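Hi everyone, thanks for making time this morning. Let me put the model up on the screen, and then we can walk through a few of its elements together.

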Amino acid sequence: MLLEEFNGDIVQWLRGFYFAARYKNYSLAAKHMQVNRAAVRYHVHRLEQKLGVVLFDRVNDVMCLTPEGERLFRWAENIFDIVNTMLNDVAQPLQIQGTVSFSSQQYLCVFALKNILNDFLSLYPKVTFEINTGTLGIVVEKLAAHECEFAVTAVPEDTSLYSFYPLFKEKHYLIGKKDVFPLHKDLQKEDFENLPFIVLNSSSARPTSDEVFRSMQISPRRVIVVDSDFLVYEYVKSGMGVSFMREGHLLNNKDMLDGVCVDTFFPDVEIGILTLKNAYLSAVSRLFINYCIDFFQLSGVHDEYN
């Protein structure tokens, strides 16, 4: 086909096919495109006529791409990716717009990303962020379910489906409220056993407090068990107990919290950008990811926290 034969219809057909393939559902694709379901089916049908191939099969009432559909989907991703990159490259910063959708732990959004989000929005005020929060497991589940485009989190146990772009490393501290639980680096085993601990449940994070307690061969006094980093942090600030927490919590509250590094028991945690392999990333999301990587390479995490 010559370039002169291209027209707006083909582009629209390809767009309808792309979203039908992405959502594996005509109705969801139509909702995203703000058209009716019949229009999306028409786009796919016209492409099939044009190419002389079948693009979708149904397996147990689920839409599945045929081998030809898989090939066309990869081409469509590349085409729309190039178009988005072209538009953002030529546009002035004030004209760059779109939605950046990612998931992360709540404390990272507050301590590590707040200034980055503010700086990015000052450069690109037409960009919107959609942020989902949760524990490490929930964050990864949201990414796997395509509820967001990427995650800012620690490395999950199973990385076979993901690509990881490191941003910074964090140490763990034992943290408590000043004047209530004064902590010092010479804490002995019996000191740990006598402290009231606020801990995350075993499914919330990795490594868990239980692993540390086992390595120390102690049975701590657990006063509260929760499934939220944020709750642990709030309870520690209120003086209800101590907890193993990331250094960001301490660095932002040196006036009210004491802490002692426990990297002997907890290895450093690498925080970074997690994406699904071969998954679509919008141009504006890639722009933000690169901005984050550049930011931490230039300033480091401690500059961000301080």
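Let's begin with helix α3, where the buried residues are Val-40, His-43, Val-44 and Leu-47. Looking down the axis of α3, these buried residues fall within an arc of 90°, so they line one face of the helix. By buried I mean under 20% relative accessible area, with exposed being over 50% and partly exposed in between, using a 1.4 Å probe and protein chains only. The arc is taken from the directions that run from the helix axis to the C-beta atoms. Helices are DSSP runs of H or I with at least four residues, strands are runs of E with at least two, and both are numbered from the N terminus.

Before I go on, please keep in mind that this is a predicted model: local features need pLDDT of at least 70, side-chain atom pairs count only at pLDDT 80 or more, and totals for chains, interfaces and linings use all residues. Residues are numbered from 1 along each chain as its sequence is written, and side-chain values use heavy atoms, with hydrogens and water left out.

Back to α3, residues 37-51: how far apart are its end C-alpha atoms? They are 22 Å apart, which agrees with the 21 Å that its 15 residues should span at 1.5 Å a residue. That expected span is 1.5 Å times one less than the number of residues.

Helix α10, residues 229-237, also has a one-sided pattern. Its buried residues are Val-232, Tyr-233 and Val-236. They cover an arc of only 95° around the axis, which puts them on the same side of α10. As a reminder, an α-helix has 3.6 residues a turn, so residues three or four places apart point the same way. Glu-234 is partly exposed, at 28% relative accessibility. After α10 comes Gly-239, with a positive phi near 85°.

How many salt bridges does the rule give? The count comes to three. Another of them joins Asp-268 and Lys-171, at 3.5 Å from N to O. Asp-268 sits in the loop between β11 and β12, and Lys-171 in the loop between β6 and β7, so this pair ties together parts that are 97 residues apart in sequence. Asp-268 is partly exposed at 38%, and Lys-171 is partly exposed at 29%. Then there is Lys-142 with Glu-147, whose closest N and O atoms are 3.7 Å apart. Here Lys-142 counts as buried, at 18% relative accessibility, while Glu-147 is partly exposed at 46%.

Now for the strands. In β5, residues 150-154, five of five residues are buried. β5 pairs with β3 in the parallel sense over three bridges, and with β12 in the antiparallel sense over four bridges. Pairing requires that DSSP finds at least two bridges between the strands. If you want places to look, Ser-103 stands opposite Ala-151 in β5, and Thr-153 has Gly-272 in β12 as its bridge partner.

Last stop: Leu-87 is in helix α4, residues 67-90, and is partly exposed at 48%. Thanks, and I'm happy to take questions!

How values were computed:
Salt bridge = Lys/Arg side-chain N within 4 Å of Asp/Glu carboxyl O.
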